[in-house]
Amino acid sequence: MSKELLNALDDLETEKGISKELVLDALEAALVSAYKRNYSQAQNVEVEFNHKTGKISVYAVKDVVETVYDSRLEVSLEEAVKINSAYEIGDKIRFEVTPKNFGRIAAQTAKQVIMQRMREAERNIIYNEFIAYENDIMQGIVERQDNRYIYVNLGKIEAVLSKQEQIPNEVYKAHDRIKVYVTKVENTSKGPQIFVSRSHPDLLKRLFEQEVPEIYDGVVEIVSIAREAGDRAKVAVVSRDEHIDPVGTCVGPKGQRVQAIVNELKGENMDIVEWSEDPSTYIANALNPAKVIDVVFNEQTNSCLVVVPDYQLSLAIGKRGQNARLAAKLTGFKIDIKSESDMIAAEEAEEEVGLVSTDDLVDGALVDEPIEAIVDAEEVVAPLVEDPEVEETLVADDETIEELLNGDETDEELEEQDTTED
């Protein structure tokens, strides 16, 4: 093998990034395979490649034994001592068996194996390069699309953008430059496969890190992101430096920083709010641009009731409930929104119910007469019921009992009625 091949291996390492030693190891393995296949040899064979001259030598490796059973794999101690008196039983001796016509067939077989190893090496290099970009942002060029994917050229490989990861209503044309978020890198049998997204919330986070140096440096932190791709997003930020306004920093001078992100996402609206340790303040900020009057929490259900002015009820809820929905995702609370007038009416209704005492209820119904009047009537009836002489009359005359309970007749009238009946 000539020195030109060595120069070619050097160029391959420079251009493809494939290690020269890796290619030479593949070459030696290929030559061993070619020798065994084309010369019908099954013994242990080693191939030695001279890195300086490019010469290839094939050696048969044999074990030194007392009695030889297979001459292809073993050599007697007597023969070994003739070669070198230092050999002992168990040693290995290499005999050069390089064919004189180690020619075209062997070279073609070696070429195939080398190319396969080179492809594997190149795949591993690409995989190791792009695995570092997993959960990160990259810029690519739209190549083509079919019914399932849009293919984005990232340089050395094409990434796939599925329909679920696309921004709704966004049109992708060939040769468009777009920024994508790398969600997953897989090393498959067909080579590395990269999955990217345009709708992932972390794409927004990486865009802010690119546009806002304070976020990249950690002075301003993105705490939470709620996003409906292509329509609207809310970003909660907090500053680790009390002298830096987190919202103003993200917006930038004349809104330049946030506008660059909006343009990249094809006009997606952006609400940047300040995070707070106080849940009430945080929820009020999350419902921006609506103003919040009060927030009432229910810790058992992890929910809250938010009171807003009447004229801002629709603004707080948002179009198709979007503002409230994004605020709930951003804060992690279930949010119920009521207008101020509805809240006052509900409180007044509760107060009216609270004025009705359980003492005013008989069998679950309100009565007009005070409870004392009913007790007095029962005191009148009780002795009469205990008297055996009047018990039969009272039992037979239900109307009289009802009149007694209603308190409509006096004691004199009762006595007169009893005399008449007798």
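Leaving aside residues up to four places away in sequence, Leu 154 touches Phe 130, Met 138, Gln 139, Gly 140, Ala 159, Val 180 and Ile 194, where a contact means heavy atoms within 4.5 Å. Leu 154 also belongs to the largest nonpolar core, which has 40 residues, and together with Ile 194, Leu 204, Phe 208, Leu 265 and Met 270 it touches the most other members. The largest share of this core, 5 residues, is supplied by β8. A second, separate core of 20 residues includes Val 273, Ala 290, Cys 304 and Ile 335. A nonpolar core is here a set of buried Ala, Val, Leu, Ile, Met, Phe, Trp, Tyr and Cys residues joined through side-chain atoms within 4.5 Å, and buried means under 20% relative accessible area, exposed over 50% and partly exposed in between, with a 1.4 Å probe and protein chains only.

This is a predicted model, in which local features need a pLDDT of at least 70 and side-chain atom pairs count only at pLDDT 80 or more, while totals for chains, interfaces and linings use all residues. Residues are numbered from 1 along each chain as its sequence is written, and side-chain values use heavy atoms, with hydrogens and water left out.

The chain has 16 helices and 17 strands, taken as DSSP runs numbered from the N terminus (helices H or I of at least four residues, strands E of at least two). Two strands count as paired if DSSP finds at least two bridges between them.

| Strands | Direction | Bridges |
|---|---|---|
| β5 (residues 137-145) and β8 (residues 177-188) | antiparallel | 5 bridges |
| β8 and β9 (residues 191-197) | antiparallel | 7 bridges |
| β11 (residues 232-239) and β12 | parallel | 6 bridges |

In the second, Val 182 stands opposite Val 196 in β9, and a hairpin of 2 residues connects β8 to β9.

The strands β10, β11 and β12 form, in that order, an open sheet of 3 strands with mixed pairing. Its edge strands, each pairing on one side only, are β10 (220-228) and β12 (269-274), and neighbouring strands are turned by 20 degrees against each other on average, direction ignored. Helix α11 (residues 322-331) packs on this sheet, touching β10, β11 and β12, and its direction makes about 135 degrees with that of β10; axes are lines fitted to C-alpha atoms, for helices over the stretch in contact, and angles run from 0 to 180 degrees between N-to-C directions. Ala 233 stands opposite Met 270 in β12, and Met 270 is also one of the core members named above.

Arg 198 lies in the loop between β9 and α5 (201-211) and is buried, with a relative accessible area of 0%. Its side chain makes polar contacts with the side chains of Glu 170 at 2.6 Å and Glu 264 at 2.9 Å. A polar contact is a pair of N or O atoms within 3.5 Å; within protein, one must be able to donate a hydrogen and the other to accept it, and residues adjacent in sequence count only if both atoms are side-chain atoms.

Of the 422 residues of the chain, 35% count as buried. The average pLDDT, the predictor's confidence in each residue from 0 to 100, is 80 for the chain, and 79% of the residues score at least 70. Over residues 356-396, however, the pLDDT is below 50, and this stretch has 19 contacts in the model beyond near neighbours in sequence.
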